[in-house]
Amino acid sequence: MRQRSKRYRALVETAGDAIKQAQQPVAAATLVKKLSKSKFTESVDLAVHLNLDTKKADQQFRGSFSLPHGTGKAMRVIVFSDDGDKASQALAAGAVKAGGDDLVKEVEAGFMDFDIAISTPKMMRVVGRLGKVLGPRGLMPSPKSGSVTDDVVKAVQEFKGGKIEFRSDAAGNVHIRVGNITFEEAKLADNISAFIAHVAEHRPSSVKGEFIKNIVVSSTMGPGIRVAFANKEQ
């Protein structure tokens with residue numbers, strides 16, 4: 001059994017009985033903020049455990065979503081495009097780097113100082129060779145997440161404005177950042193509720209029974225708070 005630190009146990013004691021039962025989003029956000037005691041600005045993260053058989057192709061759960069209030073993090077975006085005009089427009093929109101073969105070679109050489117990679121469809125034949133580098137980090141551009149597009153300016157603006165990419169892991173868990181501890185409770189709750197609704201609306205048709213099994217929200221160093229939700233079976 002994992003040994004929790006004295007600090008962590010003290011936070012759980014502070015939470016009292018509230019930590020033992022699922023909370024509505026606003027109450028959960030309030031409790032997460034109350035239990036944040038670090039000297040740095042902690043992120044607030046949401047973990048959604050889904051009833052998925054990830055070995056089945058039609059239950060690979062991934063996509064993108066624009067949080068109502070963003071993530072509170074300045075997203076570093078790069079754009080793969082061999083069109084000089086599009087690359088220039090992407091830089092003007094806020095991308096930290098944009099280019100074609102030169103940028104691919106830079107990433108191959110070790111450049112990883114970015115959070116989102118966007119590519120034009122044409123460039124994917126070259127970007128594909130970065131799969132072993134970007135794939136494990138969840139950074140590979142994908143049409144499903146909206147990061148493979150000809151409209152690179154719109155994509156840069158959306159991702160810098162709070163659009164996130166998500167994908168389930170092998171155990172059916174989806175982890176996203178929904179803000180940081182400086183967010184107002186109402187804004188954190190809005191982000192949490194909006195993402196839960198998005199997940200529920202995109203339930204794979206082949207999933208039987210309950211789709212969402214558990215939801216937990218926490219700050220970087222704080223204990224997890226279960227979030228109440230309503231399952232809608234299909």
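User: Are α2 and α8 parallel, antiparallel, perpendicular or oblique to each other?
Analyst: This is a predicted model. The axes of α2 (residues 25-34) and α8 (residues 185-201) come within 8 Å and cross at roughly 125°. Roughly perpendicular ends at 115 degrees and roughly antiparallel begins over 145. The two helices α2 and α8 are therefore oblique.

User: What is the hand of the crossing of α2 and α8, and how many residues of their contact are nonpolar?
Analyst: The crossing of α2 and α8 is right-handed. In the contact, P25, V26, A29, T30 and K33 of α2 meet E185, L188, A189, I192 and S193 of α8. By class, the contact of α2 with α8 has 2 charged and 2 polar residues, and the number that are nonpolar is 6.

User: Is A189 buried or exposed, and which residues beyond its sequence neighbours is A189 in contact with?
Analyst: A189 is found in helix α8. Its relative accessibility is 4%, and the cut-off for buried is under 20%, so A189 counts as buried. Leaving aside neighbours within four places in sequence, the contacts of A189 are P25, V26 and A29.

User: What separates the C-alpha atoms of A189 and A27?
Analyst: Along the chain, A189 and A27 are 162 residues apart.

User: How far apart in space are D85 and A27?
Analyst: D85 lies in helix α3 and counts as exposed at 57% relative accessibility. D85 and A27 are 58 residues apart in sequence. From C-alpha to C-alpha, the distance between D85 and A27 is 48 Å.

User: Which residue caps the N-terminal end of α3?
Analyst: Helix α3 covers residues 84-93. The backbone nitrogen of D85 lies 2.9 Å from a side-chain oxygen of the capping residue. That residue is D83.

User: Which residue follows α3, and is its phi positive or negative?
Analyst: The residue that follows α3 has a phi near 125°. This value is positive, and the residue is G94.

User: How are α3 and α7 oriented, parallel or antiparallel?
Analyst: α3 and α7 pack at an angle of about 20°, and their axes are 8 Å apart. Angles under 35 degrees count as roughly parallel. That makes the orientation of α3 to α7 roughly parallel.

User: What is the hand of the crossing of α3 and α7, and how many residues of their contact are charged?
Analyst: α3 passes α7 in a right-handed crossing. K86, Q89, A90 and A93 in α3 meet V152, V153, V156, Q157 and K160 in α7. The residues of the contact of α3 with α7 divide into 5 nonpolar and 2 polar, and the charged ones number 2.

User: Is S147 buried or exposed, and which residues share side-chain polar contacts with S147?
Analyst: S147 is found in the loop between α6 (131-134) and α7 (152-160). With a relative accessible area of 0%, S147 is buried. Its side chain has a polar contact of 2.8 Å with the side chain of S145, and a polar contact of 3.0 Å with the side chain of E165. The residues asked for are S145 and E165.

User: Which residues is V127 in contact with, beyond its neighbours in sequence?
Analyst: V127 is found in helix α5 (residues 124-127). At 0% relative accessibility, V127 counts as buried. Leaving aside residues within four places in sequence, the contacts of V127 are F80, V104, S119, M140 and P141.

User: Is S36 buried or exposed, and which residues away in sequence is S36 in contact with?
Analyst: The place of S36 is in the loop between α2 and β1 (43-50). Its relative accessible area is 16%, so S36 is buried. Leaving aside its neighbours within four places in sequence, S36 is in contact with E42, I181 and S219.

User: Is F40 buried, exposed or partly exposed, and how far is F40 from T220 in space?
Analyst: F40 is also placed in the loop between α2 and β1. With a relative accessible area of 44%, F40 is partly exposed. Not counting residues up to four places away in sequence, F40 touches T220 and M221. F40 and T220 are 180 residues apart in sequence, and their C-alpha to C-alpha distance is 9.8 Å.

Methods: Residues are numbered from 1 along each chain as its sequence is written. This is a predicted model: local features need pLDDT of at least 70, side-chain atom pairs count only at pLDDT 80 or more; totals for chains, interfaces and linings use all residues. Side-chain values use heavy atoms; hydrogens and water are left out. A polar contact is a pair of N or O atoms within 3.5 Å; within protein, one must be able to donate a hydrogen and the other to accept it, and residues adjacent in sequence count only if both atoms are side-chain atoms. Helices (H or I, at least four residues) and strands (E, at least two) are DSSP runs, numbered from the N terminus. Buried means under 20% relative accessible area, exposed over 50%, partly exposed in between (1.4 Å probe, protein chains only). Axes are lines fitted to C-alpha atoms, for helices over the stretch in contact, and angles run from 0 to 180 degrees between N-to-C directions. Angles under 35 degrees count as roughly parallel, over 145 as roughly antiparallel, 65 to 115 as roughly perpendicular and the rest as oblique. A crossing is left-handed if the near helix is turned anticlockwise from the far one by less than a right angle, and right-handed if clockwise. Contact means heavy atoms within 4.5 Å. Ala, Val, Leu, Ile, Met, Phe, Trp, Tyr, Cys and Pro count as nonpolar, Asp, Glu, Lys and Arg as charged, and the others, Gly among them, as polar.
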